[in-house]
Amino acid sequence: MNEQLLGLADDELVIGWRDSEWTGIAPMLEEDVAFSSIAQNEIGHARAVYELLSDDADALAFDRAPEEYLCAPLVQLHLLAWGRTIARRWLYEVADEIRITTLMEETPLAAKINREEAYHRMHAEMWRERLADTPQFRAAVDELWPYALGVLPPEQRDALASRVGRDAVEAVERGAHDAAFADLHAEMTMVRRSAPAGAQW
Amino acid sequence: MVTAEQVWAAFEEIPDPEIPVISLVDLGVIRSVDVENGQVHVEFTPTFLGCPALEVMKRALEETVSGLGGDPDVQVIQDDSWSTDKITPAGREKLRAAGFAPPALREASAPQLVQLQSNVFRCPYCGSTETRLENIFGPTPCRSVRYCESCRQPFEQFKTI
């Protein structure tokens, strides 16, 4: 299996899940709407990539053990405060643009995903501008920067550093799973695990 | 035996599940229909990948082909071939009449925030371009929310993809 595409799908599934945690509790109604739509898009991207990789997308999405997921540690982090959530969204979208535009050469689906991601980038950039001078946002970018680098393979990290205006440091690499991810996995797979064998949706 | 023309005509009667004022043909999501020995091959191009209406659309296409006595084979094409530019002129007019501002045409580069914040978007109710962006996101992933300063009416603007 193409590990780069599987990593992309796992990232999109998990960040979609994490973003959906703001539905109903975002600091303003517009952001309830925005985060819900973004989450829906990201999970839709995950599904399309899983379908590209396998005839049974649900099995690929939900039947693996937690340690088999290839998602970057950045997307696993749980219940971040608003400034940290925005810092994650912004860093993730900048990294994701570098990755997706590279994949577009060989994978037509990536070009379609990129069209939708353009709106996520605008949303993230709008919030970055708004929060850029706050100590909370700056501290969050400091904290999450090594995680953001881990979204990309080593050869694409200089491009990210240049876009974000920071020096590349040691990355938090894929393959690590935090305790919060085990909880997320249990929640995410609950419906599938509890469905009777042979259930059709 | 069913013909491609009959299939197209029947597809024109299938409403979009979320915006029933336009049909799937108006929406431009059907790329081709080929009939071969009673088998009806349909190429269907998704709109937004996370759109929950996609499964409903695919099933409606299959049921419509079966209803005509054909054997449906609906292929979902996962590439960048659908764009909001594929919405037909008739479809765009139906959207506008129902209060949804039709999408701007796709440009060579990805849309930028500065464009969404400019006043080129026309209010579907009064026709004014004195409109501002309220939220990039709206009730479904394919729509933004804008506000018309002239008639003081919020409205939904289709995103360009």
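Two residues are said to be in contact if their C-beta atoms, placed from the backbone, lie within 7 Å. With that in mind, consider A:Leu91: leaving aside neighbours within four places in sequence, this residue is in contact with A:Val141, A:Leu144 and A:Ala148.

Before going further, a word on the model. It is a predicted one, in which local features need pLDDT of at least 70 and side-chain atom pairs count only at pLDDT 80 or more, while totals for chains, interfaces and linings use all residues. Residues are numbered from 1 along each chain as its sequence is written, and chains are lettered from A and ligands numbered from 1 in the order in which they are written.

Let us turn to chain A as a whole. Its secondary structure consists of 10 helices and zero strands; here helices (H or I, at least four residues) and strands (E, at least two) are DSSP runs, numbered from the N terminus. The radius of gyration of chain A, taken over C-alpha atoms, is 16 Å, close to the 17 Å given for 201 residues by the globule rule, so chain A is as compact as a globular protein of that length. That rule is 2.2 Å times the number of residues to the power 0.38. Along the principal axes, the C-alpha trace of chain A spans about 55 × 40 × 30 Å.

How much of chain A is buried? Buried residues account for 43% of its 201 residues. A residue counts as buried if 20 or more other C-beta atoms lie within 10 Å of its own, as exposed if 12 or fewer do, and as partly exposed in between. As for contacts in chain A between residues at least 6 apart in sequence, 69% join residues at least 24 apart.

We come now to the interior. A nonpolar core is a set of buried Ala, Val, Leu, Ile, Met, Phe, Trp, Tyr and Cys residues joined through C-beta atoms within 7 Å. The largest one has 82 residues, and those touching the most other members include A:Leu91, A:Leu144 and A:Ala148. Helix H2 (residues 29–53) of chain A gives the most to this core, with nine residues.

Finally, I draw your attention to A:Glu173. Where is A:Glu173 found? It is in the loop between helix H8 (157–164) and helix H9 (179–188) of chain A. A:Glu173 is partly exposed, with 13 other C-beta atoms within 10 Å. Its C-alpha atom is separated by 8.0 Å from that of A:Leu149, 24 residues apart along the chain.
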